[in-house]
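Visitor: I would like to learn how to read a few features of this model. Please take them one at a time.

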Amino acid sequence: MSVVWEHPATLLHWIDLEVMAEDKVDQDAVAERLEASVLESPKFKRDFQTSQSDQLSKTAEGETVSKKALLGDRTSLVLPKLWKLLPDNVCHTFPQLDIVPKPILKLMRNAESIIVRLKEVTSSEEKKLKHEAEQALTSIQGVLDQTWEQLNTGHWRDVPIVHRHVFSIASLIKILCLLYSQAGGEEMLLRLALKAADMGLLLGAPLPPPNECLDLTIAASLLSTTLAQLVEQSGSEQDPIILDEKQTSQFITGGLSGSPIKELVCPSIERFCTDHFQPKLPVKIKGCMTHWPAYKRWNDIGYLQRVAGARTVPIELGSHYAHSDYSQKLMTIADFIEQHVVGGKLGYLAQHQLFEQVPELRADICEPEYCCLTDDSIHIDEPANDGTDINAWFGPAGTVSPLHFDPKHNLLAQVVGTKRVLLFPPEVSSSLYPHSDRLLSNTARVDPEKPDYDQFPLFKNIAPPIEFSGGSDSGILFGGNKDKLLKLLVI
Amino acid sequence: MTLYYCGWNGCGQASQSSGSSIIIRQPIKLNFDEPVIGVSCSWSTLAVVAGKSVIIMGFIENCLNVRKEISLGSDCQPLQLSSCLGRTLITCSKGNCYDYNTESNKLRELVKFTISEPELEESPSNENSTITKVCCSDFGSLALSKSGKVFTIPSPLALQSIVVTDIACGNNHYVLLTENGSVFTWGDGSRGQLGHGNLESEEKPRLVEALSGIQVLRISAGAWHNAVVSSSGDLYTWGWGTDGQLGIDEEVEEEDDGNTPIAVKKLKMDEEVSLLQKRNEKYRGIVLACPSPVDTFTDVNTVSCGSRHTIVLLVDGTVWGCGWNAYGQLACPPEDCFRSIRFRQISIPNFQGKILSVQCGGWSSCFIV
């Protein structure tokens with residue numbers, strides 16, 4: 001698993017990245033329709049069966065038991081915190097609501113008023129409560145599905161932001177509806193609620209003041225923590241996963257090999273700047289990550305399971321993103337680990353802003369101070385300025401990113417496992433045969449591991465690339481916008 | 001002529017009684033005093049021509065579960081209508097058309113839009129302004145005149161010497177059928193919905209070349225997909241198959257290497273069903289930027305697309321649907337089948353007669369029997 005910091009080279013390139021990122025979200029949106037992806041997961045099926053048998057045993061024991069279990073204990077604890085995230089009257093006060101089709105607004109407000117009533121309900125009305133929550137759940141799902149259609153009409157970047165605001169609000173209402181609905185066991189409802197929060201994070205947008213307290217990152221963290229406690233308590237936790245040593249060390253190298261990259265141990269910023277950043281010379285930096293909590297914690301896959309296992313993320317499937325078999329799928333990190341990281345099926349959690357989605361994992365890493373350098377004027381900024389994207393890359397052995405360049409400078413931190421990277425200087429770009437269509441114009445058609453010299457004869461004559469091959473505790477700088485690079489990854 | 005309805009009822013478009021279900025899982029009979037002549041459904045309304053009156057149900061004037069009857073005047077027989085989120089357009093026997101705004105509950109006649117461009121003034125005959133069909137979407141609406149001219153209301157579309165016989169609107173793309181059976185598309189193409197083999201948008205109608213040589217008789221547009229029927233009864237679809245609405249199952253299976261289609265045929269019935277169910281669940285969606293033929297049981301009579309589903313009426317009188325069924329739009333409970341990537345047969349419970357026509361829209365399907 002690795003972290004990449006992308007740093008803006010120039011404003012122009014930064015805009016390029018915006019465009020790329022947006023096109024990418026389109027594909028996320030394609031994958032969004034897979035409501036069933038949680039439902040179909042083996043883990044979910046087990047939980048569902050367990051929850052059903054729970055309910056059966058309850059009815060067998062008689063009414064007193066089921067009454068007591070009106071809302072799960074954990075759910076009762078987390079609900080007041082979730083309520084704090086829903087601003088009063090949000091469905092009447094968010095900006096530009098006049099652009100939202102009236103029936104969508106109406107159904108959203110109805111669902112909101114139903115759950116507000118439910119908050120005050122007494123146990124004598126519990127049957128009505130359950131029915132109303134289920135009705136509100138269906139309506140709010142309709143709102144989400146219809147808003148999804150709005151989000152996908154026309155190009156993603158032309159869609160008014162207000163539809164994404166609606167998606168965020170409706171996601172929080174859906175979470176509350178789910179928890180009140182008792183449509184299943186507590187664990188299942190928490191999982192579905194967490195999925196709704198993640199979908200809201202992926203497709204929605206944060207609300208401006210005065211509704212900024214509607215923060216789905218917090219909702220997701222609350223639900224994730226609650227779920228983890230519940231799982232721990234019920235002992236239904238999955239078996240710990242120990243990675244086979246061979247899996248992490250096995251390397252398939254082929255094609256051309258490069259000259260080894262220069263290595264430094266914790267250079268000063270000044271030295272890094274003058275010797276590498278300014279002349280755009282790649283370097284491997286050792287010893288600058290040992291203090292990261294992630295350095296120890298992420299070795300244990302069980303830790304990732306506990307902290308983020310139930311979170312839904314986009315996974316790239318297929319050989320690599322430029323291949324015709326490429327597609328994306330939304331799945332939980334737990335399923336991804338089970339099927340891909342351990343199971344060995346190709347699949348890549350790639351170029352995803354995981355740390356914005358899961359602040360618990362963000363707390364495990366530290367932004368290297370080398371990130372404070374920028375191109376336009378080499379001065380020392382406050383770290384973590386707006387222009388830096390932090391992306392996570394996580395996958396099984398054999399995952400490949402094709403030869404490409406990024407609009408921003410890259411700082412790659414290999415936390416767990418090993419990765420091989422080939423770096424070509426910008427001058428040889430044309431000999432790498434970039435794709436002609438706009439979306440893939442930053443990606444080479446040559447596969448340096450299996451170069452087809454008949455099709456790409458110019459590739460034969462270029463100088464060997466710089467090769468980085470390494471495990472954890474090494475940082476590396478790429479002159480992002482000009483250098484071409486290849487990543488070959490083993491978790 | 002009786003109307004059956006299934007699918008989304010979240011705005012009370014099919015059933016206004018309190019406590020009625022948001023999802024109508026199986027076709028239910030909707031009662032009108034007079035025979036049903038035309039029907040159109042959107043996400044928020046159901047509009048029906050019954051006898052001489054137009055009935056609009058669903059979300060009207062900021063209220064759910066409303067049923068409104070509109071009169072166009074005693075000498076005006078409504079013929080055809082089309083609904084989207086904000087409005088319903090209605091044509092009538094006199095050749096004029098009306099715009100009913102569901103948000104304000106106001107009806108107005110659309111006038112003069114046929115002569116707003118000077119080039120058309122040279123032939124201001126009545127026939128030119130006789131509107132025979134309207135088709136609306138939230139991004140812009142079309143009207144078709146008797147002489148085969150098309151208007152993106154209110155302006156005429158510059159289409160030299162092409163006589164148009166039918167029109168259809170997607171979410172943000174448009175389809176035309178000409179008298180010689182050619183298909184033209186324009187609008188947003190980002191999800192392959194224009195059928196030109198790319199994902200580019202087109203500002204003006206462009207011939208769908210992949211269909212040249214095929215005489216098309218029927219056209220229909222969903223939110224991001226299209227379905228057309230040729231004179232030989234073949235079905236072609238293209239665009240974004242989010243939920244299998246293209247009726248084409250192109251997905252490469254990574255795991256089921258041993259299960260080739262031939263092997264599937266030999267499986268017992270229930271095994272086949274469960275295998276299909278699994279594939280339906282795992283479906284990830286496809287984009288087809290070129291029209292592709294779809295295998296159907298027998299020749300297709302006509303086709304209608306909802307937002308994310310497609311229903312065909314075959315020449316043998318049977319009805320089949322594919323695509324999204326989260327709200328029961330394929331006339332079966334979503335619990336049984338959330339989406340169908342292949343056509344599955346649709347039947348109306350307790351009804352043995354012939355389904356005369358199918359009209360899909362939004363997440364709903366209407367059957368006229």
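Visitor: How many residues lie between β19(B) and β20(B) in their hairpin?

Guide: Some conventions come before the answer. This is a predicted model, in which local features need pLDDT of at least 70 and side-chain atom pairs count only at pLDDT 80 or more, while totals for chains, interfaces and linings use all residues. Residues are numbered from 1 along each chain as its sequence is written, and chains are lettered from A and ligands numbered from 1 in the order in which they are written. Helices (H or I, at least four residues) and strands (E, at least two) are DSSP runs, numbered from the N terminus, and two strands pair if DSSP finds at least two bridges between them. In this hairpin, 3 residues lie between β19(B) and β20(B). The strands, β19 (residues 216–221) and β20 (residues 225–230) of chain B, run antiparallel and are joined by 5 bridges. One bridge pairs I219(B) with V228(B) in β20(B).

Visitor: Is β19 of chain B mostly covered or mostly uncovered?

Guide: A residue is buried if 20 or more other C-beta atoms lie within 10 Å of its own, exposed if 12 or fewer, and partly exposed in between, with C-beta atoms placed from the backbone. By that count, 5 of the 6 residues of β19(B) are buried, and the strand is mostly covered.

Visitor: How many helices and strands does chain A have?

Guide: Chain A has 18 helices and 14 strands. Of its 491 residues, 45% count as buried.

Visitor: Which residues of helix α5 in chain A are buried?

Guide: In α5 (residues 73–83) of chain A, the buried residues include T75(A), V78(A) and L82(A). The arc to consider is that of the directions from the helix axis to the C-beta atoms. These three lie on the same side of α5(A) because they cover an arc of only 75 degrees around the axis. On the other side, D73(A), S76(A) and P80(A) are exposed. Among the elements covering the buried residues of α5(A) are α9 (161–181), α10 and α11 of chain A.

Visitor: Which residues touch the most other members of the largest nonpolar core?

Guide: A nonpolar core is a set of buried Ala, Val, Leu, Ile, Met, Phe, Trp, Tyr and Cys residues joined through C-beta atoms within 7 Å. In the largest one, of 99 residues, Y5(B), V48(B), I90(B), C97(B), L142(B), V183(B) and V312(B) touch the most other members. Strand β5 (residues 53–60) of chain B gives the most to this core, with 6 residues. A second, separate core of 93 residues includes L194(A), L203(A), V313(A) and L330(A).

Visitor: Where is L85(B), and which residues is L85(B) in contact with?

Guide: Two residues are in contact if their C-beta atoms, placed from the backbone, lie within 7 Å. L85(B) is in the loop between β7 (78–83) and β8 (87–92) of chain B. Because 22 other C-beta atoms lie within 10 Å, L85(B) is buried. Leaving aside neighbours within four places in sequence, L85(B) is in contact with P101(A), P103(A), S42(B), W43(B), S44(B) and D138(B). L85(B) and D138(B) are 53 residues apart along the chain, and their C-alpha atoms are separated by 6.5 Å.

Visitor: How many residues does each chain give to the contact between them?

Guide: Chain A gives 24 residues and chain B gives 28 residues. The side of chain B that touches chain A has 12 nonpolar, 10 polar and 6 charged residues.

Visitor: Which peptide bond of chain A is cis?

Guide: The bond from P209(A) to P210(A) is cis, with omega near 10 degrees. P210(A) is in the loop between α10 (186–203) and α11 (216–234) of chain A.

Conventions
Ala, Val, Leu, Ile, Met, Phe, Trp, Tyr, Cys and Pro count as nonpolar, Asp, Glu, Lys and Arg as charged, and the others, Gly among them, as polar.
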